[in-house]
Amino acid sequence: MAGPKNTVAWHRNPLIRGIIAQAVLIAVVVWGITTIYANTVANMEARGIQIGFDFLSEVAPFGIAFSPFIDFNLGESTYLTVFFIGIQNTIIVSILGIIAATILGFAIGIMRLSPNWFISKIATFYIETFRNIPVLLQMMFWNFAIFLPLLPLPRQSLGGGGFFLNNRGVYLPKPVIENASANTAFWLAIAIGIAAMYILHKIALKRQEQTGKTMPGKLVGFGLLAALVALAAMIFGAPFGFSTPVLGTFNLTGGIEIPLPLFSLWFSLTTYTAAFIAENVRGGIEAVTKGQWEAAGALGLSRSNLLNLVVIPQAMRIIVPPTISQYLNLTKNSSLATAIAYEDIVALWTGTSLNQTGQALIIVAMTVVVYELLSLLTSIALNIYNKRVQLVER
Amino acid sequence: MKTGKLIVAAVALFGLSATAASAVTTLDAVKAKGHIQCGVTTGLAGFSAPDDKGVYSGIDADVCYAVAAAVFGDKNKVKFTPLTAKERFTALASGEIDILSRNTTHTLTRDASLGLNFTYYNYIDGQGFMVKKALGVKSVKELDGAKICIQAGTTTELNLADYFRTNSMKFQPVVYDTSIQTREGFDKGACDVLTSDKSQLAAIRTELKDPKSAVILPETISKEPLGPVVRQGDDQWFNIVKWVLFAVINADEMDVSSKNIDDLKAKTTNPNIKRLLGTEGDMGKKLGLSADWAYNAIKQVGNYDEMYTRNVAPLGLSRAGSVNALWSKGGVLYAPPIR
């Protein structure tokens, strides 16, 4: 209030002008969106196309083969359940793919920089092959030309002792809780073991800082964990029983089934994305100045210590941002699943459900929102990680 | 500057709000562009498949040829749009195509809620199952626990689930996007069984690596009346497509074929045939077409039996004794009279 009197006319005040401009813009955008929406609905009604969300609570009248965490009961589950199963299956293959592609990508990227000519050429060959072929083609190749014809039919499954492999998928024994107290003891032993591992690791670090001597804290902790689990099993008995897969008329039943479409999709997404991540890793490592390598070498660090302690932490700053994009690409590429019969959100929701209900607009819009959310969540999580590895300047 | 941009944006948005459904009839639009746009399959032998020159043939393609002949007097004034099962209804509703003739089953949901009208049926089908001979299965009832290959976006997914639910059997669907992927999946052993309309099973079986390795089971588990579809809200066009189909079926019933049609047109005394061929009455005018609309369709494309014999019979599906025979010969095809 004590300042000089404001002599500028209100309509020339930049602050007020800014607010007005923003308000007008928001009004126009809101009006535009509502107009488009109203127009679409009116046009669809005029053409006799019914539109609405009512179908979500209707019973879905078709079968679903793969849903590990959400129960689907034919004749009871609704379209909304189908929607969630689709999201679940997309997330499953994306997470499995991201983990495997990261591991494989790092390995190939480091191989590419290996001083060994042969190893580095293998990595180059890998990258140039997988990076340059469209991923849909790779998916069809692995699924239809390699896995389906080369793996045996269910009646000739490979393996034994509860573990089987055939051209319908991988079958594993399924752990079943038979003895509740043994099971509780098992998980308790694991919890205590992990806590012990963490504490021992901290102690070892502190010891190293004070005395310079390294102590195998993690190794001792892991031994402790194993001993605790063994002890719990001896006192209380086996924590699980196993339900093993057996051959029925057509397929193996019981046990855990990893269906071939999931395997093929995971395999092709992993090998494809790993080629890109490998190049990110190579770029990141090459960007670490030569002086850092030489200095670490002069300190007498072994090659693995040199990479793990000096080079990779610095390289991460360059590797992480483009790798986030690769994770997003992997998630979106999983939408090609329908070509090899994996039941992801595109196959279940914009495929089967769309056809049964005819609600194209709503179903496609919901799918768009799902991918948008998945991408944003991945970005947020990795941006937090990125902040942690970035150079903190003082 | 800022306000200038705002005005442009506002005008653009207003433009959007002003778009509304146009009042031009499909017949006028078709005449104006000079051809009929016809939605067909991406390739299904006997129904609609392009040959090595890109020319479509099949019983579904013939419906579009016949409509083009009736409207333009030239059966070749038609362009084809290959569509997957999932794309077909949107393509029709959005006006991309004028007729959807793509082995499409008539159901209540589709008829009542998608803004479509089903005309009549040019092939009556039913869902069946094909299994590998090596499994030794003789009946659908033995398929409990099987993996079943199926194409997405079809009514077969629902029929399959209903049938297995009714008979308290379990199954695992293996759902592919296209007919070709479904066939590959079955051929290479991704599933024990392939299910589809029986006419399609016959076509797919001929394309397997070893057709003798698969058998089609005797049961038919559903009704699949297939026929051409048009947009809802244009009754004139709906009538044209419907009556062209009725005309070729009536021609079959009255033994009017592309071979004897000129002869009959000159000599016949049968008033029904005269009305069909436009030498008596004003049937064409009532539809908004020329008097020789049906003559052109039958002369250039043939009657229903000629269509069937040319396209579907080579798949090994005989017409005699099947539901696709005329009502007068033990089938269900029954066209209302042209009068």
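**Exercise 1. Which residues does B:Q37 touch, leaving out those up to four places away in sequence?**

Let's start with the contact list. In this predicted model, B:Q37 touches B:K79, B:F80 and B:T81, and also B:E96, B:I97, B:D98 and B:I99.

B:Q37 sits in strand β1 of chain B, which covers residues 36-40.

B:Q37 and B:I99 are 62 residues apart along the chain, yet their C-alpha atoms are separated by 6.8 Å.

Then go to the side chain. That of B:Q37 makes a polar contact with the side chain of B:T81, at 3.0 Å.

Last, check the solvent. B:Q37 has a relative accessibility of 14%, so it counts as buried, the cut-off being under 20%.

**Exercise 2. Take the salt bridge between B:R231 and B:D98. Which parts of chain B does the pair tie together?**

Begin with the distance: the closest N and O atoms of B:R231 and B:D98 are 4.0 Å apart.

Now locate each end. B:R231 belongs to strand β14 (residues 229-231) of chain B, while B:D98 is in the loop between α4 (88-93) and β5 (99-100), so the bridge ties together parts 133 residues apart in sequence.

What about burial? Both B:R231 and B:D98 are buried. B:D98, by the way, turned up in Exercise 1 as one of the residues that B:Q37 touches.

**Exercise 3. Are B:K299 and B:D262 buried or partly exposed?**

First, the link: these two side chains meet in a salt bridge, 2.9 Å from N to O.

Second, the setting. B:K299 is in helix α13 (residues 293-301) and B:D262 in helix α10 (residues 261-267), both of chain B, so the pair connects parts that are 37 residues apart in sequence.

Third, the accessibility. B:K299 comes out at 34%, so it counts as partly exposed. B:D262, at 36%, is partly exposed too.

**Exercise 4. Which residues of chain A are joined into one network by salt bridges that share partners?**

Go through the members: A:R112, A:E128, A:R131, A:E279, A:R282 and A:E286 make up the network.

To set this in context, the total over all chains is 21 salt bridges.

**Exercise 5. Which strands stand at the edges of the open four-stranded sheet in chain A?**

Write down the order first: β1-β2-β3-β8, with antiparallel pairing.

Now read off the ends. β1 (158-160) and β8 (256-259) of chain A each have a single partner strand, so one side of each has no neighbour in the sheet. From one strand to the next, the twist averages 10 degrees.

Then see what packs on the sheet. Helix α7 (residues 260-286) of chain A touches β3 (169-172) and β8, and its direction makes about 55 degrees with that of β8(A).

β1(A) runs antiparallel to β2 (residues 163-166) of chain A, and three bridges join them. A:L158 has A:L165 in β2(A) as its bridge partner.

**Exercise 6. How many Å separate the centres of domain 1 and domain 2 of chain A?**

Get the bounds first: the domain assignment gives 14-46 for domain 1 and 79-178 + 240-389 for domain 2.

Now the distance. Taken over C-alpha atoms, the two centres are separated by 41 Å.

Key:
Residues are numbered from 1 along each chain as its sequence is written. Chains are lettered from A and ligands numbered from 1 in the order in which they are written. This is a predicted model: local features need pLDDT of at least 70, side-chain atom pairs count only at pLDDT 80 or more; totals for chains, interfaces and linings use all residues. Side-chain values use heavy atoms; hydrogens and water are left out. Two strands pair if DSSP finds at least two bridges between them. Helices (H or I, at least four residues) and strands (E, at least two) are DSSP runs, numbered from the N terminus. Axes are lines fitted to C-alpha atoms, for helices over the stretch in contact, and angles run from 0 to 180 degrees between N-to-C directions. Contact means heavy atoms within 4.5 Å. Domain bounds come from an automatic or database domain assignment. Buried means under 20% relative accessible area, exposed over 50%, partly exposed in between (1.4 Å probe, protein chains only). A polar contact is a pair of N or O atoms within 3.5 Å; within protein, one must be able to donate a hydrogen and the other to accept it, and residues adjacent in sequence count only if both atoms are side-chain atoms.
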